[in-house]
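Dear colleague,

I am passing on the structure we spoke about, and my notes on it follow below. Please read them alongside the coordinates.

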Amino acid sequence: MNVAEHLPALQIVLPLASAPLAVLLRDRLAAFVLVLAATWAAFAISILLWLQVGETGPMSYAIGSWPPPWGIEYRVDALSSLLLMLVSGIAAVVLPYSRSSIEREIRPEKHTLFYALFALCLSGLLGITITGDAFNLFVFLEISSLSSYALIALGKDRRSLTASYQYLIMGTIGATFIVIGVGLLYLKTGTLNLADLGVRLQAMTSHRPVLAALAFLTVGISLKLAMFPLHQWLPNAYAYAPSAVSAFLAATATKVSVYALLRFYFSVFGETAIFQRLPMEDLMLVLALAGMFVASTVAIFQDNLKRLFAYSSVAQIGYIVLGISFDSVTGLTATIVHLVNHAVTKGGLFLLLGAVIAGIGGVTLARAHGLARVMPLTSFGIVLCGLSLIGVPGTAGFVSKWYLILAALEKGQWWLVFLIVLSSLLAVAYVWRFVEVAYFRAPRADLAGVREAPLALAIPAWILVGATLWFGVDTSLTVGSASRAAAQLLGVAP
Amino acid sequence: MIAGEALVLAAFALPAVGSVAIALCGRRPQLRETATLATAVLLLWCTLSLLPTVLAGGRPGVRLFELLPGLAIAFSVEPLGMLFALVASALWIVNSLYSIGYMRGNREEHQTRFYVCFALAIAAAIGIAFAANVFTLFVFYELLTLITYPLVTHHGTDKAKAGGRIYLGLLIGTSMLFLLPALVFTWHVAGTTDFTPGGILQGRLSGFALGGLLALYMFGIGKAALMPFHRWLPGAMVAPTPVSALLHAVAVVKAGVFSVLKVIIYVFGTETLATEASTDWLVVVAGFTIVAASVVALKADNLKRRLAYSTISQLSYVVLAAAILAPLSVIGAALHIVTHAVGKITLFFAAGAIYTAAHKTEVSQLDGIGRRMPWTMSAFTIGALSLIGIPPAAGFISKWFIMSGAAAGGHFAALAVLIVSTLLNAAYFLPIVYAAFFRPLPAGDERQPHGEAPLSMVIALMLTSTATLSLFLFSSPLLQLAEQLVAPK
């Protein structure tokens with residue numbers, strides 16, 4: 001048996017298997033080491049897959065050797081390999097951080113559960129990304145969702161329970177819509193394989209059940225990716241979850257949902273069905289713009305930094321959706337690049353906020369007065385990530401914005417160009433609320449003894465901050481993979 | 001050519017590396033200030049060594065890396081960038097000398113942060129000066145804004161915070177709203193953003209689109225302080241005076257007008273613009289800014305505020321000269337970047353010296369101060385003469401070229417604006433000189449005796465005022481550089 005052949009299966013199996021084992025071990029340290037090993041292995045595998053796909057093109061793996069479309073197919077192409085690398089990479093950074101972070105935020109007897117849930121959530125997210133089967137995608141979506149509800153509820157703050165419950169309700173509605181959509185497609189075509197669906201649906205683009213399936217899938221996935229106005233669950237979930245969970249979910253969960261949307265739109269329904277028969281472009285355009293402006297404006301008036309940046313996430317998802325609405329290679333490149341860039345930026349940001357919580361016990365703006373005096377490095381890191389959210393050159397955010405503007409110009413839509421740049425000025429406003437509080441206010445008396453974040457928290461956070469800066473300077477990985485993936489999705493390149 | 005490449009890189013890297021050294025020496029003020037001065041001297045040596053090559057028609061450059069496919073961070077030294085880099089690096093030395101006196105004399109806090117940000121700002125300014133394409137220029141333009149923010153808000157007071165908000169809001173706002181779309185559009189239309197003699201847009205854009213793009217660039221470059229986007233400059237005057245002096249007479253504002261000139265000469269091309277009627281509005285806007293800012297300056301009692309509005313007015317000289325599009329006025333525009341920088345930094349130095357020695361900030365408090373601070377006020381007088389444009393100060397030369405260009409191009413309205421503004425300049429500067437030397441000290445002032453400011457400040461003042469005079473006498477190297485802009489070798 002050649003191990004290299006089975007990398008796609010191992011990508012999922014390793015983290016998935018580590019979850020029950022972690023529970024059985026019952027020892028905090030052993031569970032941590034096990035899940036860490038599985039996560040790092042998953043990251044290594046995703047890199048190997050990415051390299052392999054870059055060399056030989058998309059690859060297909062038949063689970064249990066049942067050939068597709070009968071068996072479940074795992075399919076790795078430019079887009080999914082990039083996402084696999086992103087998700088497992090973020091997990092590989094967040095997990096070491098969580099060991100120190102949950103000491104403060106989660107009761108010790110729950111720690112093994114935390115690691116198990118983390119591994120489950122990771123394998124669910126990786127599964128959505130790698131699978132080529134519509135129902136399998138739903139199953140993985142549920143795995144990741146259920147584990148993330150539990151992860152959020154682990155937070156010390158009792159409000160995390162309501163946040164988790166809210167997310168549970170909304171997420172379940174979303175999942176139900178998705179399964180209805182998948183069911184309708186199965187009814188019409190008799191297949192669940194995504195590629196096969198794409199072929200069969202071409203003949204029935206005007207059939208009403210197909211359009212209904214599209215509608216159900218759109219709404220269901222939009223709930224999961226927190227597209228405005230279906231984002232209500234997100235701010236509370238991010239704000240009250242344990243720090244490591246906030247960071248992991250903010251960086252990966254919504255991004256993987258965007259991936260699912262892209263997959264259904266472009267690989268299953270193809271261009272002909274949706275972007276010409278239904279006014280999907282306009283719909284997404286309007287929702288994206290509304291999200292960018294409304295959520296950014298709301299963010300300006302938040303007093304809790306985690307909520308502030310959670311609303312910023314909703315706005316940034318607006319950029320991602322905006323790129324989809326252009327239905328062009330440049331637009332999709334913008335979407336995919338921003339997906340990666342925003343994941344890295346927000347991941348780093350929430351890790352740093354976790355360090356702030358560890359230092360001063362909370363992240364309300366009132367508490368963070370003079371933060372820069374007591375935690376200068378952490379504050380500076382938050383500012384750097386904030387600059388990336390604004391889109392300042394030299395940071396990852398600038399690259400995404402460049403492609404968005406270019407995509408709008410290609411369509412000749414000048415008004416959109418101005419709306420894009422105008423919304424980034426709103427980002428200046430909310431980022432500068434932090435700057436003015438942290439740098440211009442005198443620290444409160446009880447912050448006198450506060451020290452800079454411990455290395456166990458600082459190193460993972462700064463890895464992501466470093467990546468944010470790196471992807472703003474060297475874009476060969478992000479833009480290169482994204483443009484290849486965009487071309488593949490639109491069928492312009494193999 | 002390898003030597004040229006190395007020098008270009010060194011010029012950019014020196015202040016950046018210097019800032020690290022300054023940060024490391026933070027706990028030892030003597031060492032820290034030595035590091036600043038040493039870096040500044042080395043930088044000047046670098047830029048001076050590049051000068052002969054550029055004068056001989058060489059364009060040393062280096063391509064660092066591609067940020068996005070086809071869009072590189074690249075440097076290339078051409079005459080205008082050479083001028084700007086020379087001014088910035090030469091004045092940095094003098095300004096560092098001055099800062100040492102000022103920051104110690106006023107017992108300012110956070111001095112290490114101050115010197116670190118200063119060095120980084122110079123690195124960004126050099127990046128702007130040597131930028132080989134609009135993209136590189138934009139990147140360093142934005143970095144310059146961010147790096148100077150801690151300098152503007154140095155005092156950390158509510159007033160500094162408010163000034164910082166306006167500073168950042170207007171500069172980031174205009175550059176994001178207008179400059180970035182202009183840049184992407186240029187790339188979209190021309191497929192390149194390289195600065196090319198003759199421009200890159202000829203035959204690709206015309207009519208409304210060309211005029212619109214010009215508007216995006218002109219208002220997008222908020223650092224040029226074209227009205228109505230000028231408010232950041234007076235707002236930034238809350239900064240310590242050395243910051244106002246170097247950044248808001250030299251590095252930041254000159255980066256603005258420098259970018260305007262670069263864009264007009266190397267992106268649009270003067271010939272392309274001359275054939276388009278849709279671009280004439282720029283003369284009007286610049287002319288309006290010149291006169292309106294002068295009128296505001298006339299009324300301002302706060303000395304730094306008066307200087308700030310004078311700067312706004314003088315910056316638009318450069319924009320106006322560029323907009324006239326005549327070869328002579330383009331030479332004048334390039335020269336004015338230098339002459340105004342030297343003259344205005346002298347005035348700011350004087351204002352800071354007065355504040356340090358006498359704690360006076362208002363024009364109406366300056367009666368008789370010339371007798372106590374003769375050196376300072378003599379330097380102030382020379383700077384004022386230069387800004388008005390009276391020989392033997394350097395300002396005369398650049399004004400001469402601008403006006404000749406306006407006359408040659410038949411822009412008599414522009415000529416009239418320049419004459420009116422000269423009168424206004426005289427009206428807001430000469431009363432200060434008169435009051436300082438010929439009015440008696442106000443009663444009660446005898447009880448607070450003070451002399452000149454600390455020595456290092458006076459030396460800095462004397463250096464820049466001497467430079468103001470000597471640039472009038474020895475202007476040929478500058479002229480040679482500027483002439484290459486209109487008649488490339």
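In chain B, helix α16 (residues 395-408) and helix α17 (residues 412-438) have axes that come within 8 Å and cross at roughly 150°; helices here are DSSP runs of H or I with at least four residues, numbered from the N terminus, and axes are lines fitted to C-alpha atoms over the stretch in contact, with angles from 0 to 180 degrees between N-to-C directions. α16(B) and α17(B) are therefore roughly antiparallel to each other, a term kept for angles over 145 degrees. Where they meet, Ile402(B), Met403(B), Ala406(B) and Ala407(B) of α16(B) face Ala414(B), Leu415(B) and Leu418(B) of α17(B), contact being C-beta atoms, placed from the backbone, within 7 Å.

Between the chains, 20 residues of chain A are in contact with 19 residues of chain B. On the chain A side, α17 and α18 (414-440) each supply at least two residues, and α18(A) gives the most, with nine residues.

As to confidence, this is a predicted model, in which local features need pLDDT of at least 70 and side-chain atom pairs count only at pLDDT 80 or more, while totals for chains, interfaces and linings use all residues. Residues are numbered from 1 along each chain as its sequence is written, with chains lettered from A and ligands numbered from 1 in the order in which they are written. Chain A averages a pLDDT (the predictor's confidence in each residue, from 0 to 100) of 88, and 98% of its residues score at least 70.

Best regards

Terms used:
Angles under 35 degrees count as roughly parallel, over 145 as roughly antiparallel, 65 to 115 as roughly perpendicular and the rest as oblique. Two residues are in contact if their C-beta atoms, placed from the backbone, lie within 7 Å.
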